[in-house]
Amino acid sequence: MTKVTLTVNGKTVSGEAEGRTLLSSFLREGLGLTGTHIGCDTSQCGACVVHVDGRAVKSCTTFVQDVSGAEVRTIEGMANSDGSLSVLQQAFQDHHGLQCGFCTPGMVMSSAALLAENPSPTEAEVRHYLEGNICRCTGYHNIVKAVLAASGQDVSSVAAE
Ligand code: FES
Ligand code: FES
């Protein structure tokens with residue numbers, strides 16, 4: 001076991017971890033941050049995406065020891081400081097970008113990473129960036145619409161699915 005220290009959603013946290021301990025397990029079981037979901041555990045569905053030093057990372061295939069010292073952001077750290085939804089989260093709600101919600105934490109984290117590096121993506125760029133995030137409910141259309149709306153683009157002409 002090795003001591004791991006991370007900054008998670010702005011707070012410094014430490015814990016013991018084995019070499020094989022995954023970031024997803026450390027967050028969920030070690031810190032109780034269960035907003036990070038586990039859909040496949042094999043890096044395919046994207047439900048477990050968090051930010052590590054600003055990059056979108058699949059936490060189910062990241063060893064926590066490999067990111068010791070990093071800044072991690074999870075879905076629990078995405079709301080505004082007053083507890084209200086961020087612009088992106090509000091756009092998911094407004095445009096029905098979720099149904100069961102299982103994929104949503106990963107979708108929001110991936111979308112936030114996209115908007116940080118490309119503040120005004122095209123529809124094709126959003127779809128391409130979210131290829132690693134699987135949703136079994138929405139058909140993706142409203143998720144894409146929500147991301148475009150969060151970037152400040154007019155989506156009134158985008159047909160509802
Ligand atoms: S749980 Fe990590 S990609 Fe599916
Ligand atoms: S909303 Fe159900 S999996 Fe995406």
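**Figure 1. Contacts and overall dimensions of the predicted model.** In this predicted model, residues 24 or more positions apart account for 57% of the contacts with a separation of 6 or more. Two residues are in contact if their C-beta atoms, placed from the backbone, lie within 7 Å. Of the 161 residues, 42% count as buried. Buried means that 20 or more other C-beta atoms lie within 10 Å of the residue's own; exposed means 12 or fewer, partly exposed lies in between, and C-beta atoms are placed from the backbone. The C-alpha trace spans about 55 × 30 × 25 Å along its principal axes.

Residues are numbered from 1 along each chain as its sequence is written, while chains are lettered from A and ligands numbered from 1 in the order in which they are written. Local features need pLDDT of at least 70 and side-chain atom pairs count only at pLDDT 80 or more, but totals for chains, interfaces and linings use all residues.

Figure 2. The protein has 5 helices and 5 strands. From the N terminus on, the elements run β-β-α-β-β-β-α-α-α-α. Helices (H or I, at least four residues) and strands (E, at least two) are DSSP runs, numbered from the N terminus. The 5 strands form an open sheet in the order β2-β1-β5-β3-β4, with mixed pairing. β2 (11-17) and β4 (55-58) stand at the edges, each with a single partner strand, so one side of each has no neighbour in the sheet. Neighbouring strands are turned by 40° against each other on average, direction ignored. Axes are lines fitted to C-alpha atoms, for helices over the stretch in contact, and angles run from 0 to 180 degrees between N-to-C directions.

**Figure 3. Strand partners up close.** Two strands pair if DSSP finds at least two bridges between them. β1 (residues 2-8) pairs with β2 in the antiparallel sense over 7 bridges. There, T2 has A17 of β2 as its bridge partner. β3 and β5 (residues 71-73) are also antiparallel, over 2 bridges. V52 stands opposite V72 in β5.

Figure 4. β3 and β4 run antiparallel, joined by 4 bridges. V49 has K58 of β4 as its bridge partner. The hairpin has 2 residues between its strands, and D53 in the turn has a positive phi of about 50°. Helix α3 (residues 104-117) lies across β3 (49-52) and β4, at about 35° to β3.

**Figure 5. Helix α1 and its cover.** Which residues are buried in α1 (residues 23-30)? They are L23, S24, F26 and L27. Their cover includes β2 and β3. G32 follows α1, with a positive phi near 75°.

Figure 6. The protein is divided into domain 1 (2-76) and domain 2 (87-150). These bounds come from an automatic or database domain assignment. The domain centres, taken over C-alpha atoms, are separated by 21 Å. Domain 1 gives 16 residues to the contact and domain 2 gives 12 residues. On the domain 1 side, β3 and β4 are the elements that give two or more residues. The largest share, 3 residues, comes from β3. By class, this side has 7 nonpolar, 8 polar and 1 charged residues. Ala, Val, Leu, Ile, Met, Phe, Trp, Tyr, Cys and Pro count as nonpolar, Asp, Glu, Lys and Arg as charged, and the others, Gly among them, as polar.
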